[in-house]
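Please keep the structure in view while reading.

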Amino acid sequence: MSVVARLLGALLLCALFAAPAHAQNPYAAVFKDQCCYLTLESGEVAGGQFFEFENSGAAWDVRNLKLGIAGPYERDSPFYHPSWYELRRPARLPVQAVLNGQRARFGFAIQAPANVGTQTVYREHFQLVAEGEYWVAGSEVYLDYTVLPSVPPNVGFTSIPAAVNRSGKLEVSVDATDNRAILRVEFSVGGKTFTVAAPEADGRTFKLSVPAEEVPAGSHTLIARAVDRVGNFATATAAITLTLADRDGDGVLEDTDCNDRSTAIRPGATDIPANGVDENCDGADALPLVNAAFSSQWVASTKTTRVTSLKIKGVPMGARVEVRCAKRGCPFSVRRFTARGGTLDLRRQYFRRAKLRVGTTVEIRVIVPGYITKVARYTMRKKRTPLTAYLCMPPSAAKPTRTCA
Ligand SMILES: [Ca+2]
Ligand SMILES: [Ca+2]
Ligand SMILES: [Ca+2]
Ligand SMILES: [Ca+2]
C-alpha cells in the first residue's frame, strides 16, 4: 500500500470516528436524569455525579459502552479524577448489558481544577460512546460547575476556660468559617487530638466537649485547626490548665490517690490484709498477721523476775518460732524451732529456772511465710510484771514495729 493510500485510510477512520452522527449509527439514547450542578472550591473532590439514560437503540455492552468527555470530543477534562475508568472516560456501563428500553446510570466523581484564581463557571460536556464505533446519538449532556478560589478558613476561640478540673468536662468553642465549607476542626491539647466534624446549629460554631480526664494535668497550649475541603487550614491557640481531680472527695488528689473513686482507698487508709485490695496505696495488699495468742505470768522482785507461765496458743503448724533473750540473767540469747502447732509452753522449755534481771528483754517471734510475723516483747521491771508490747514485723522488715498496716 502506498503512503498516500495509508494516509487516506487513516483519515477515513478518523472521519468515521470524529463524525459519528452517521446514518448507520445503530446506537441511541434518551436522557433521563443527572446530578449535579455544584459549587466547589478549587481542588475540591465531589462524588455522587451521574447521568442516567434509556437505551433507544442497539444493545449496550459493558465491554465498549462508556461515558466519554465531549464538547469537543477527546479533550482532557479539567475535572478529571483518578477514580475515572479511563483518562477521558469518567465511567463505563455499570452492568454487563442494557437492552433497548432499559435504563443505565453512569456514576462518577470529579475534582475541581487547582489554582482557580477567580470564581469561574465551567460547562462540562459528556456523551455516551460505543468505543471504537460511534458516539451514541441523543446522549449529549453537560453539567455546570462553579469553582471558587482556594482560600484558607478563618478560626478563633469564642469560649475557653482558663482552668478545667479533670473531674469535669473540657468544653471549648471556636468560630470557624470558609469561603466554601469547613470539613473539620481539630483540637490538640496535651498530646491528644479531638476532631469535631459537625458544627452547631449556627453552622459555624465548632464545639469540643470531652471528659477532661482525657487530657493530662498541667498547663497546655490548646490548638484549634480548622480545615476546609481541599486541605487549607487556619489555627488558633489558647492557654489552658487541667487541674487534678478528687473525684471521691476523700481529700486526696488523683495523682496520689490510687483509687480516686473510693473513699476507703487512699494513702493512710487501713489496708485490710489479704483482701486483694491495696487500700493504703503503698503498692501492695497488706499481708495477714500470723494468728497466734501470747499469754504469760510473772513474779517480780527488786532485782529479778521469774517466769511462772509463758505460752503461745493457736500456733500454725510449721510456724518458725524465735525466742530471744537479751541482757543479764538470760539462759541463752536466741533459740529457734519449728512448731508442730497448737499451744507451746515456752516456760517449761526455756525459762523454768531463769532469774531475769531488771532491764532484761524476752522477745518471741512467730514466723509464717507470706504472713506478718507476730511478736511479743517483755521487758523486766523492778517489783512489777514486765512491760509487755505486742509488735508486728513484715517479712521485709529488719525489726519489729508497733503497726504494720
Ligand atoms: Ca481522692
Ligand atoms: Ca480514694
Ligand atoms: Ca487490702
Ligand atoms: Ca497496701
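## Terms and the open sheet

Two strands are said to pair if DSSP finds at least two bridges between them, and strands themselves are DSSP runs of at least two residues marked E, numbered from the N terminus. The model discussed here is predicted, and every feature described below should be read with that in mind.

In this model, five strands form an open sheet whose order is β13-β19-β18-β15-β16, and the pairing within this sheet is mixed. At its edges stand β13, which covers residues 163-165, and β16, which covers 192-196, each of them pairing on one side only. Going from one strand to the next, the twist averages 30°.

## The pair at one edge

## Strand β9 and its partners

Strand β9 (120-130) takes part in several pairings, which can be followed one at a time. With β5 (65-70), strand β9 pairs in the antiparallel sense over six bridges, and here I69 has F126 of β9 as its bridge partner. With β11 (141-148), strand β9 is again antiparallel, this time over seven bridges, and E124 stands opposite L143 in β11.

The pairing of β9 with β10 (134-135) rests on two bridges, and these strands also run antiparallel. The bridge partner of A130 in β10 is Y134. Three residues lie between the strands of this hairpin, where G132 adopts a positive phi near 80°.

## The nonpolar cores

In soluble globular proteins, nonpolar side chains tend to be buried together. Which residues of the largest nonpolar core touch the most other members? They are L128 and V136, in a core of 30 residues.

When neighbours within four places in sequence are left aside, the contacts of L128 are A29, F53, L65, L67, V136 and S139. Apart from this core lies another, which has 21 residues, including I312, V362, I364 and Y378.

Definitions and conventions. Residues are numbered from 1 along each chain as its sequence is written. Chains are lettered from A and ligands numbered from 1 in the order in which they are written. This is a predicted model: local features need pLDDT of at least 70, side-chain atom pairs count only at pLDDT 80 or more; totals for chains, interfaces and linings use all residues. Helices (H or I, at least four residues) and strands (E, at least two) are DSSP runs, numbered from the N terminus. Axes are lines fitted to C-alpha atoms, for helices over the stretch in contact, and angles run from 0 to 180 degrees between N-to-C directions. A nonpolar core is a set of buried Ala, Val, Leu, Ile, Met, Phe, Trp, Tyr and Cys residues joined through C-beta atoms within 7 Å. A residue is buried if 20 or more other C-beta atoms lie within 10 Å of its own, exposed if 12 or fewer, and partly exposed in between; C-beta atoms are placed from the backbone. Two residues are in contact if their C-beta atoms, placed from the backbone, lie within 7 Å.
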